[in-house]
Amino acid sequence: MNSELLIKNGRVIDPANGVDKKCDVLVAQGKIEEVGKIEESAAESVKRVIDATGKLVVPGLIDIHVHFREPGDEEEETIASGSAAAVAAGYTSIVCMPNTNPVVENETDVEYIHRKARQARKTHVYTMGAITKGLAGVELAEMGFMAEAGAVGFTDDGNGVQDPAVMLRALKYAGMFDVVIAQHCQDDRIAGNGVMNSGYYSTILGLPGLDPLAEEAMLWRDIQLLKKIPSERIHYHLQHVSTAGSIELIRSAKKESLPITCEVTPHHLLFTEECCAEYDTNYKVNPPLREVKDIEALKQAIADGIVDALATDHAPHLKSEKELEFLTAPFGIASLECALSLYIKALIEPGILDWSGLIRLMTEKPAKIIGIDKGTLSKGKQADVTIINPDAEYKIDVNKFRSKSRNCPYNGWKVKGKVEKTIVGGEIRFEA
Amino acid sequence: MALIRKSKQFKWNRKHLLGLRDLSTEEITYILDTAKGFEEISTRSVKKAPPLRGKVVVNLFFEDSTRTRNSFALAANRLSADIIEFTKKDSSVSKGETLLDTAKNLEAMGIDIVVIRHSAGGAPKFLSRNINASVVNAGDGFCEHPTQGLLDVYTIRKKKQTLEGLKIAIVGDVAHSRVARSDMWAMTKLGAEVIFVAPPTLIPSKVSQLPVKVSYSLDEVIEKVDVINMLRIQFERLGGNPFPSIREYSHYFGLTVERMKRAKKDILVMHPGPINRGLEIESEVADGNNSVILEQVTNGLAVRMAVLFLVNQASAQKAVKK
C-alpha cells in the first residue's frame, strides 16, 4: 500500500484510545493506517517522513464555535482567511456560527459555506444553522433541510431564544434529526442594553451592566425544559459559559443525567471585568468578562470534567468598528490563531489539566457534541493530525495573523506552544 | 500667575480632566483654590482676563445641555479664548461620522481644548487617547460629570469652610447619575461622609464596594445630614419602570416643606438642575433660605475657568518638554 506520511518519534496523545506514548503514526490514502512502532522499511514507499522527536502528535484540533463572517461581512473575515488562520492554529475542523448576513437558515446557505470551504482547501469547515428564521426567535428555521445538507447543529448565537415556547418546540423538533441545539444563554429583559459585566466596574465606569442572571435565568429555564422532554435524542449545548452560577446549574443538571454539554472560551479563563477599566473595546465581549470567582469556578469545572469543550468564539471585527466608544463598539474577541497557547497558559501551566486532558477537550469531546466522526487517531479514520512543539515560546503578534481582523487583546503576550504542522485528510495544510 | 499663590510645591500636570475618581485630594483642592482666584473676574466691570487668548475651545456636545454648555462657553470667553459650538443636531454626526473622525476633523482646524458631553461612559477618555488637544469631560453617560462635582464641593466649602466630617445625602436616581458619581469621589476625598438615598432599583451594582452608605429612607436620613443634594429624575435614562409612579416616588423621596422641618437648621439644599418642581423638590424648598441652587450655577463658572486654565497650562508645559 502506498503511504503518504510517516510521523516518527513523537509523543502521540490520543485520549479516545487512551494513548499517550512515544511512537509513530502512519498515514495512508488520507487515513490513519497505524499508530505504534513502525519501521520505515515496513511502510512501502512512504512519500514523506516527519521527525516529531520532542513534539506532540495529536488528533487535529476542533473548534465548535467560530465566526467567519461570510457571507455578508467579508471585510472582517472570510471562510478562506478564517480557514488559513485555523490550520495555522492547529485546527483541522471548525464550526461556523449562522449569524451571518444573510443568516444561515436553509440548505442553500449551508451549501454555500461548504463550497467556500472547499475552495479555501485548508481546514474542514462545518456550520450550524439558525434555530429560528432570521435569528428572530419566532419561527423555526428549516432544520431538517439544513441537517441533510450537513449542518452540525443549530443555534441563534448572538441571541438567546427568548420565548420558552419556541425553545421547547426547537428542542423537540431537533430530536427528529439527532442534532445538537446550542444556546447563547441571555435573557434580554434582564440583560437590557448591558455592555460589560454588571458589578463594581460597570458602576464606576458608568456603563450599563450585563447581569450574570441574564445567562443563568435562561440556562435554568432551558434545564427545566429538558426535564420535560421525553425524547432520548435531545442534546442541549450551552455556548461560552461564563458565570459560577451557570456552572452550578450545569453541575446539577449533569448529576441528573440530562443531555447537556457546555464549552468555555479562553477569554473567560484569562480576563476579568477589570480589563474593561480603560474602556479598551478589545475587551468588549458577550458574555462579558466576569470576576475572579467566576474564573475559579470555570477552572474547577474543567478540572472536574464538567466542561465538555474548549471553544474560542473567535469573533473578528474591523479596527474601525472597534475604534468606537465602548458603548457602541461591537462585541467580540478574535483569538483563533493563538488559542492553543492560551489554553496552555490558562489550564496546563497552573496544573488544572494534563496534556491528555487538554487534547480531549479540543478533539474527542467537541467532535461528540456536533456528532462528527473525528477527534481520534483510530485506525481507518480520516487523517487529521496536529503536531505541536509544546515548549516553543513566542510572542503573539496580531500583525502576523492570517485572520483579517486584529481585535485580539492578547497581542504582545509571551506564550508557549507552537503548532508545527497541521495535517488535514492526510495532506499537510500548514507547516511552520 | 499670581492667582495661584497657595500652590506651594504642588504642580498641576494634567492635560485632561476626565473624571474625579483619578484625582488626588491635593489636585481637587488645587482646582478649588484656583477657582477662588477666578471668582473675582466675574465681579469686574470688564469681565475678562487674558490667559487663553489665541486658544480655541470646542464645545462638543452630543447631548442636550443648557447650563453646562453656556457655563463652559462663558468661562472660555472670560479667559479670552475663541469658542466653537458643536452640537449633535448641526454636525455631520447625524450623517454617521464616528466620534473619532469628528474629533480629528476639529483638531485639524487647530483646536486646543475639547469640552465634550456624550451619552457613552468613557467617551472623553477614548478621545483623550486619540487626539492631541486637551479633553475636558462635561458629562459622559452615567460615568462622571467632574466640573459639576467640583462646583458642588466648591459651593459646600464656601458655605461650610470644610467638607471634613460633613454628612451629605445624595438623593434620587443614583444608578444613572454621573453627578452622583463625581460628587461621591470629590466629597469623600475631601473628608465628607456620603449617603446614597434611593429606592433599591436606582442603586448601582456592587455599591458596597464604593465609599458610601446607602439608605432607602429619606425620612431616616433627613435629620442627620449637613447637605442634601437632590438629583433630577432623568426620564431619558430610566430603563423600564424602576418605581411605580411619580406620585409614589415623590412621596418617599421628594424634598418637601414637611421633611425640611426635621432637617438641621443650616442644611444646604443643592440640586444640579434642571429641577422638576414638585417632583423631587417642592418649589418652596428650591427657592427657600437653605437652597444654594443658584449659587452652584455661579460657582460653576469660576470652577470651569479654573479647569480650562489648568489643562491649558499643563498642555503648554508638555508641548515645551517635547
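This is a predicted model: local features need pLDDT of at least 70, side-chain atom pairs count only at pLDDT 80 or more; totals for chains, interfaces and linings use all residues.
As for labels, residues are numbered from 1 along each chain as its sequence is written, and chains are lettered from A and ligands numbered from 1 in the order in which they are written.

## Where the domains of chain A touch

Let's look at the contact between these two. Here 17 residues of domain 1 of chain A meet 21 residues of domain 2 of chain A, with contact meaning that C-beta atoms, placed from the backbone, lie within 7 Å.

By class, the domain 1 side has 10 nonpolar, three polar and four charged residues. Nonpolar covers Ala, Val, Leu, Ile, Met, Phe, Trp, Tyr, Cys and Pro, charged covers Asp, Glu, Lys and Arg, and the others, Gly among them, are polar.

## Chain A as a whole

Chain A has 14 helices and 18 strands. These are DSSP runs numbered from the N terminus, with helices being H or I of at least four residues and strands being E of at least two. Along the principal axes, the C-alpha atoms of chain A fill a box of roughly 65 × 45 × 40 Å. A compact globule of 432 residues would have a radius of gyration near 22 Å, and chain A agrees with 21 Å; the radius is taken over C-alpha atoms, and the rule is 2.2 Å times the number of residues to the power 0.38.

Of the 432 residues in chain A, 56% are buried. Buried means 20 or more other C-beta atoms within 10 Å of a residue's own, with C-beta atoms placed from the backbone. Among contacts in chain A with a separation of 6 or more, 75% link residues 24 or more positions apart.

Helix H7 (residues 212-228) of chain A has 17 residues, which at 1.5 Å a residue should span 24 Å; its end C-alpha atoms are 25 Å apart, which agrees. The expected span is 1.5 Å times one less than the number of residues. Several residues of H7(A) are buried, including A:Pro212, A:Met218 and A:Leu219. The buried residues of H7(A) pack against a set of elements that includes helix H4 (164-174) and helix H8 (244-255) of chain A.

Over in the strands, S1 (residues 5-14) and S2 (residues 19-28) of chain A run antiparallel, joined by eight bridges; strands pair if DSSP finds at least two bridges between them. A:Gly10 has A:Cys23 in S2(A) as its bridge partner. Their hairpin has four residues between the strands, and A:Gly18 takes a positive phi near 65 degrees. S2(A) also pairs with strand S3 (residues 31-36) of chain A, antiparallel over five bridges. That hairpin has two residues between its strands, and A:Gln29 in the turn has a positive phi of about 50 degrees.

Notes
A residue is buried if 20 or more other C-beta atoms lie within 10 Å of its own, exposed if 12 or fewer, and partly exposed in between; C-beta atoms are placed from the backbone.
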